[in-house]
Amino acid sequence: MGKKVSLREYARIRGVQLSAVQKAIHAGRIQTQPNGKIDVDEANRDWFMNTDPAKSHKTDPLFQEQEPQVASFRQNANTFQQAKTADVYYRAMLAKAKWRMITGETIDRKKAGAYAFNLGRSLRDLFIAFPTRYGALIASELGTDEHKTVTILDEYVRKLLSESKDLINREL
């Protein structure tokens with residue numbers, strides 16, 4: 001346990017106004033003892049850990065000297081700043097992604113998948129219908145049997161679709 005002092009004495013030790021100490025107590029950043037006194041070591045630790053460095057108007061006079069304990073406090077300050085920076089960056093990236101979706105630069109993954117599936121199904125249906133639709137025309141141009149031409153075209157179209165399905169499955 002450290003030295004216990006009054007609020008005014010603690011404000012003098014910290015080099016701040018009494019109102020700053022009172023605000024810190026009211027905000028819950030530091031604690032008082034049941035008798036109203038402040039444990040200096042505990043309050044200094046709490047003050048440092050619970051105060052946002054970005055809102056601090058000046059550097060903390062207690063941490064100006066270079067001691068091993070001070071170095072660890074500065075590392076914590078860097079960690080806080082890094083966490084705050086990461087939070088701001090993350091929020092900005094979310095806002096950017098939301099903006100891209102609103103403006104139509106990006107599309108919904110489920111909608112894109114459904115569109116690709118329907119497009120593939122439509123192409124498959126066109127290929128399967130090809131021998132029946134155009135087999136007679138091809139047979140008349142070649143002067144061959146219509147039924148045989150349709151059967152051969154159907155066989156090769158189905159073989160082509162089967163090979164493309166295997167190729168797509170290998171890619172995935």
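**Helix packing and burial**

Author: This is a predicted model. In it, helices H1 and H3 cross in a right-handed way.

Reader: Which residues make the contact of H1 and H3?

Author: Tyr10, Ile13 and Arg14 come from H1, while Val40, Ala43, Asn44 and Trp47 come from H3. By type, these contact residues comprise 5 nonpolar, 1 polar and 1 charged.

Reader: How is the packing of two helices described?

Author: Two packed helices are described by the angle and the distance between their axes. Here H1 (residues 7-14) and H3 (residues 40-50) pack at about 60°, and their axes are 12 Å apart. H1 is therefore oblique to H3.

Reader: Which residues form the largest nonpolar core?

Author: That core has 10 residues: Val5, Tyr10, Ala11, Val21, Ala24, Ile30, Ile38, Val40, Ala43 and Trp47. At least two residues come from each of H1, H2 (18-27) and H3. H3 gives the most, with 3 residues.

Reader: What does Val5 touch, leaving out residues up to four places away in sequence?

Author: With those left out, Val5 touches Tyr10, Ile13, Lys37, Ile38 and Val40.

Reader: Is Thr149 buried or exposed?

Author: A residue counts as buried under 20% relative accessible area. Thr149 has 12% relative accessibility, so Thr149 is buried. Thr149 belongs to helix H6 (residues 146-171). Not counting residues up to four places away in sequence, Thr149 touches Gly135, Ile138, Ala139 and Thr144.

Reader: How many residues apart in sequence are Thr149 and Ile138?

Author: They are 11 residues apart in sequence, and 7.6 Å apart in space from C-alpha to C-alpha.

Terms used:
Residues numbered from 1 in each chain as written. Predicted model: local features only at pLDDT ≥ 70, side-chain atom pairs only at ≥ 80, totals over all residues. Heavy atoms only, no water. Axes fitted to C-alpha atoms, helices over the stretch in contact; angles between N-to-C directions. Helix = DSSP H or I, 4+ residues; strand = E, 2+ residues; numbered from the N terminus. Parallel < 35°, antiparallel > 145°, perpendicular 65-115°, else oblique. Left-handed = near helix turned anticlockwise from the far one by under 90°. Contact = heavy atoms within 4.5 Å. Nonpolar A, V, L, I, M, F, W, Y, C, P; charged D, E, K, R; others polar. Core = buried A, V, L, I, M, F, W, Y, C linked by side-chain atoms within 4.5 Å. Buried < 20%, exposed > 50% of the residue type's maximum accessible area, 1.4 Å probe, protein only.
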